[in-house]
Amino acid sequence: MNKILITILVIICILQILSRYYQVNYYNRTLKNLYSKYKSGYLGTGIDKTRFKARNIVVLLIDKEDKILEMKVLSGMSAFSRFKDLNNLIGMRFDCIFNTKEYKKYKKSIDIAYEQIQMQRRKNEI
């Protein structure tokens, strides 16, 4: 009985490690695709880490005039979660999205991503 329980626990741990590896590779591939698609602009990622709600990861790509080139969100705690484009925000200036339902839903992640972009801009100005 104990051997079966230990075997099941080991299998679960291995599956969890493999699913985490798969998720990290997917995330890295998505970022590399964005880097190769756009030659200029600023990229920021925001992660809203909550204990009991689904985790949100926002990838935000903005040009020098603060126009949104790409915005993707990955929501959920599963290794099978996928990035979804927020198409209705693409092309808008960042300061015009504050009243949209998407901004209100992913506010914390979007703000973190935009703060990363602001830090990149300050770094480039020096």
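K37 is exposed, because its relative accessible area comes to 55% (exposed means over 50%, buried under 20%, and partly exposed in between, using a 1.4 Å probe and protein chains only). This is a predicted model, where local features need pLDDT of at least 70 and side-chain atom pairs count only at pLDDT 80 or more, while totals for chains, interfaces and linings use all residues. Residues are numbered from 1 along each chain as its sequence is written, and side-chain values use heavy atoms, with hydrogens and water left out.

So what does K37 pair with in a salt bridge? The partner is E70, with the closest N and O atoms 2.8 Å apart (a salt bridge is a side-chain nitrogen of Lys or Arg within 4 Å of a carboxyl oxygen of Asp or Glu). This pair ties together distant parts of the chain, with K37 in helix α1 and E70 in strand β3, 33 residues apart. Helices (H or I, at least four residues) and strands (E, at least two) are DSSP runs, numbered from the N terminus. E70 counts as buried because its relative accessibility is 7%.

Side chains of opposite charge can pair when their charged atoms come close. By the salt bridge rule, the count here is eight. E70 also meets K72 in a salt bridge, at 4.0 Å from N to O, and both E70 and K72 are buried. Through shared partners, salt bridges join K37, E70, K72 and D85 into one network.

Elsewhere, K108 and D48 bring their side chains together in a salt bridge (3.7 Å, N to O). Here too the pair links distant parts of the chain: K108 sits in helix α3 (residues 107-125) and D48 in strand β1 (residues 42-48), 60 residues apart. D48 is buried, since its relative accessible area is 11%.

## Two loops

D66 is in the loop between β2 (56-62) and β3 (68-75). Its phi is near 70°, a positive value in a residue other than glycine. For context, most residues other than glycine have a negative phi. With a relative accessible area of 11%, D66 is buried.

K49 belongs to the loop between β1 and β2. Is K49 buried or exposed? K49 is exposed, because its relative accessible area is 60%. If you want a distance to check on screen, the C-alpha atoms of K49 and R122 are separated by 26 Å, and these residues are 73 apart along the chain.

## The nonpolar patch

I6, V10, I11, I14, L15 and L18 make a nonpolar surface patch of about 570 Å². Patches take residues with over 30% relative accessible area and no salt bridge, joining like charges within 9 Å and nonpolar side chains (Val, Leu, Ile, Met, Phe, Trp, Tyr) within 5 Å; accessible areas come from the Shrake-Rupley method with a 1.4 Å probe, and for residues only the protein chains shown count as cover. V10 lies in helix α1 (residues 2-37) and is partly exposed, because its relative accessibility is 43%.

## The largest pocket

The largest pocket has a volume of about 460 Å³. A pocket, on a 1 Å grid over the protein atoms alone, is an open set of points where a 1.4 Å probe fits, with protein on both sides within 12 Å along at least five of seven lines; lining residues have an atom within 4 Å of a point. Volume is the space filled by probe spheres set on the points, which are joined across faces, edges and corners.

Its lining has 18 residues, with R20, Q23, R55, G76 and M77 nearest the centre. Helix α1 gives the largest share, six residues. The lining splits into seven nonpolar, six polar and five charged residues (Ala, Val, Leu, Ile, Met, Phe, Trp, Tyr, Cys and Pro count as nonpolar, Asp, Glu, Lys and Arg as charged, and the others, Gly among them, as polar).
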